[in-house]
Amino acid sequence: GVPYDGYMIGANPKVTLVGVDIEKWEQVGKADPVSGAVQFRFYFTTVGHTHAFKLLVIEDAYQLSPADCTHAAVYVRSCECGEADKDHSNTFTIGSALGHDWDDGVVTIEPTYTSFGQRMFTCQRCKLNYYEGIKPLDRPTIEGDVVRIWGDSRYSTSADAIAKLKTFSGKERFDAVVLATGQAFPDALSGCYLAEMLVAPLILVDPSNPAAAVNDVTGSIKEGGMAYILGGKNAVSEELVSMLGGKGIACTRLSDDTRYGTNIKILNEINDVETINTLLLCSGDNYADALSASSCGYPILMVASSVQDEQVSWLQDHAANIHKIYVIGGNAAVSEQVAQQVASLAGCTDMERIAGSDRYHTSTEVAEAFFPDTCPVVMLTYAWNFPDGLSGGPVAAILQAPILLTDNSDNTAMEYVRSHGVEKLAVMGGTANISDATVNKILG
């Protein structure tokens, strides 16, 4: 058998060992003269017995799983012989779950003025994630009844629009800026939604003074931000791009041989960020309708009297995603033939034309279609020239304001303002084109 050495007191000890069968035992040496203890040696063999897993012993050897965020510590019961329940059918718990140790969370989706954001929290113990919605941003507004966004030139008006965008967005610097020539409208209006999507200013570039645009950029962009250059080198010079590069500002030029090709490059850039499902179809030969639509929250496809080759390819490539097309302006602006061809190429059966009897009424029809019945803020811009209005789109978008075309003689904007609960006006440009008297008349 198995030997076991020990000490016993007395000449004839009785020994009981659980789970063993003692064969014999023998004294080893003489009794201790002081204590009387006698060393002995047992010889035994183990014998089988039926385990009774009743003991609740809290030791590591019997721990099945430690406490975690959602569960208490689990132990297996044991037999009086020390054997643990290897089948884990007899278990018990001690204490309670530790609970999650959530961090402060990170914003994974930024809220906007019209949509919820999202914050992700991570447990520092088990790495589980949970998400909470972030309520939409409070609608920004203007102080007083009227704010005029203007300067002594189209470029200083653009600079003032940057300042107002900072105020209304609560941002001192932006992740991106968008630059377009101030000499023509197509590139700026094509890129207006890109600027709105990025919450970026649309900076008009003076070809004769690229340094002024560089100053606008450096005063507006975050470190590591991107400057989007709309149009070719004749529109925005390579000199300006080099000046920005010299200041460590990355640039992406979106351009092609024509205004329509550049428009497609801009749409591709937009589509890389968010899938385009809705298009605004606007004339590429006149600014009025596109300017009215530039704060509506959808990208613009500019068209001519016929659909261009690059547009055919783009529409066919994105046919699976485009579900709605709004045609802005009457047949003289966008012919029914062109509109139907665009819809056919895009595989879109939901097309709607939004038009009025003239540019004034088209702008109010656009406002009716895309903005609430009660609209606290409206942006006014001059109906008969484009420069002041070009940089107003991102500002109007942040204010959730429609853009109405007006002048000192037409009453269309006034009729809309007085019937839609408008309380405040943002006016693009100086008093020469839209006088203070006109503004006061419109607001009532």
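Visitor: Let's begin with strand 15. Which strand does strand 15 pair with, and in what sense?
Guide: Strand 15, residues 278-283, pairs with strand 16. The sense is parallel, over four bridges. Keep in mind that this is a predicted model.

Visitor: Which residue in strand 16 is the bridge partner of Cys 282?
Guide: That is Met 302.

Visitor: What packs on the sheet there, touching strand 15 and strand 16?
Guide: Helix 6, residues 259-273. The direction of helix 6 makes about 165 degrees with that of strand 16.

Visitor: Let's zoom out. In what order do the strands of the sheet come?
Guide: The order is 16-15-17-18. Four strands form this open sheet, and the pairing is parallel.

Visitor: Which are the edge strands?
Guide: Strand 16 (300-303) and strand 18 (351-354). Each pairs on one side only.

Visitor: How many degrees does the twist average?
Guide: It averages 25 degrees from one strand to the next.

Visitor: And which strands does helix 10 lie across?
Guide: Helix 10, residues 359-370, lies across strand 15, strand 17 (324-328) and strand 18. Helix 10 runs at about 135 degrees to strand 18.

Visitor: Now helix 8. Which of its residues are buried?
Guide: Helix 8 spans residues 309-317, and Gln 311, Val 312, Trp 314 and Leu 315 are buried there.

Visitor: What covers the buried residues of helix 8?
Guide: The cover includes helix 6, strand 15, strand 16 and helix 9 (336-346).

Visitor: Is Cys 126 buried, exposed or partly exposed?
Guide: Cys 126 counts as partly exposed, because its relative accessibility is 37%.

Visitor: What about Cys 192: buried or exposed?
Guide: Cys 192 is buried, with a relative accessible area of 1%. Cys 192 is in no disulfide either, and the nearest cysteine sulfur, that of Cys 296, is 9.9 Å away.

Visitor: Last one. What is the mean pLDDT of the protein?
Guide: The mean is 91, and 91% of residues reach 70 or more.

Visitor: Where does pLDDT stay under 50?
Guide: Over residues 1-11. The model has 35 contacts beyond four places in sequence for that stretch. Where pLDDT is low, predicted coordinates should not be read in detail.

Note on methods: Residues numbered from 1 in each chain as written. Predicted model: local features only at pLDDT ≥ 70, side-chain atom pairs only at ≥ 80, totals over all residues. Heavy atoms only, no water. pLDDT = per-residue confidence, 0-100. Contact = heavy atoms within 4.5 Å. Pairing = 2+ DSSP bridges. Helix = DSSP H or I, 4+ residues; strand = E, 2+ residues; numbered from the N terminus. Axes fitted to C-alpha atoms, helices over the stretch in contact; angles between N-to-C directions. Buried < 20%, exposed > 50% of the residue type's maximum accessible area, 1.4 Å probe, protein only. Disulfide = S-S within 2.5 Å.
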